[in-house]
Amino acid sequence: MIQIKKEVYERMIAHSKEGYPNEACGLLAGRGAVCTAFFPMKNVDESSISYFMDPKEQLQVFKQMRQQGLDMLGIYHSHVASEATPSQKDVRLAFYPDASTLIVSLSDRNKPQLRSFRIEDEKVSEEPWSLV
Ligand SMILES: [Zn+2]
């Protein structure tokens, strides 16, 4: 179960829409199971069907999280035209089993849909999430 502060959720949805028509991505951090911080990231793929975070930007954000005493709790990206389920590539490239994989689907742009997953050893399980 992952809990997301309302303002973090709203920033993530807004960031997804700003990235349209490309996939958008970012990191969520906090303490325990509550995401209290949102870090928007560049999608260096600049693609509507994939994303890749800039490793340098990622290191800088990891450093900021450490300085703020936060753990990375979630890795988010958007799907611009498909459902909020992990693609084969998403599953293959899920390197952080302790973090949630969050996907925002914009297939209905007026009604973005968020789903959260745990991916470990290429096994996917959906997990519930809630706003706090
Ligand atoms: Zn994806």
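Residues are numbered from 1 along each chain as its sequence is written, and side-chain values use heavy atoms, with hydrogens and water left out. Since the model is predicted, local features need pLDDT of at least 70 and side-chain atom pairs count only at pLDDT 80 or more, while totals for chains, interfaces and linings use all residues.

Q: How many salt bridges does a search of the whole structure find?
A: Side chains of opposite charge can pair when their charged atoms come close. Here a salt bridge means a side-chain nitrogen of Lys or Arg within 4 Å of a carboxyl oxygen of Asp or Glu. Going through the whole structure with that rule gives four.

Q: Is E10 buried, partly exposed or exposed?
A: Buried means under 20% relative accessible area, exposed means over 50%, and partly exposed is in between (1.4 Å probe, protein chains only). E10 has 41% relative accessibility. That value makes E10 partly exposed.

Q: How many residues apart are K89 and D45?
A: K89 forms a salt bridge with D45, and the closest N and O atoms are 3.8 Å apart. The pair links distant parts of the chain, with K89 in helix α3 and D45 in the loop between β3 and α2.

Q: Which strand does E126 lie in?
A: The side chains of R115 and E126 meet in a salt bridge, at 2.7 Å from N to O. R115 lies in strand β6, and its partner is 11 residues apart from it. E126 lies in strand β7.

Q: Why is the pair of F38 and Y76 called tilted?
A: A pair of aromatic rings is described by the distance of the centres and the angle of the planes. Rings of Phe, Tyr and Trp (its six-membered ring) pair if their centres lie within 6.5 Å; planes under 30 degrees apart count as stacked, over 60 as edge-to-face and the rest as tilted. The centres of F38 and Y76 are 5.7 Å apart, and the pair is tilted because the planes are at 50 degrees.

Q: Which strands do F38 and Y76 tie together?
A: Both F38 and Y76 are buried. The two residues are 38 residues apart in sequence, so their pairing joins separate parts of the chain. F38 lies in residues 34-41 and Y76 in residues 71-79, which are strands β3 and β4.

Q: What is the angle between the planes of F62 and Y96?
A: F62 lies in helix α2, while Y96 is in the loop between α3 and β5. F62 counts as buried at 19% relative accessibility, whereas Y96 is partly exposed at 35%. Their rings are 6.2 Å centre to centre and edge-to-face, with an angle of 75 degrees.

Q: Which residues form the negative surface patch?
A: Patches are made of residues with over 30% relative accessible area and no salt bridge, with like charges joined within 9 Å and nonpolar side chains (Val, Leu, Ile, Met, Phe, Trp, Tyr) within 5 Å. Asp and Glu count as negative, Lys and Arg as positive, and His and the chain ends are not counted; the place of a charge is taken as NZ of Lys, CZ of Arg, CG of Asp or CD of Glu. The negative patch is formed by D98, E120, D121 and E122.

Q: What is phi of D121 near?
A: D121 is in the loop between β6 and β7, and it is exposed with a relative accessible area of 67%. Its phi is positive, in a residue other than glycine, and is near 50 degrees.

Q: Which peptide bond is cis, with omega near 10 degrees?
A: One of its two residues, P21, has its place in the loop between α1 and β2. The cis bond runs from Y20 to P21.

Methods
Areas by Shrake-Rupley, 256 points an atom, 1.4 Å probe, with all protein chains shown as cover. Helix = DSSP H or I, 4+ residues; strand = E, 2+ residues; numbered from the N terminus.
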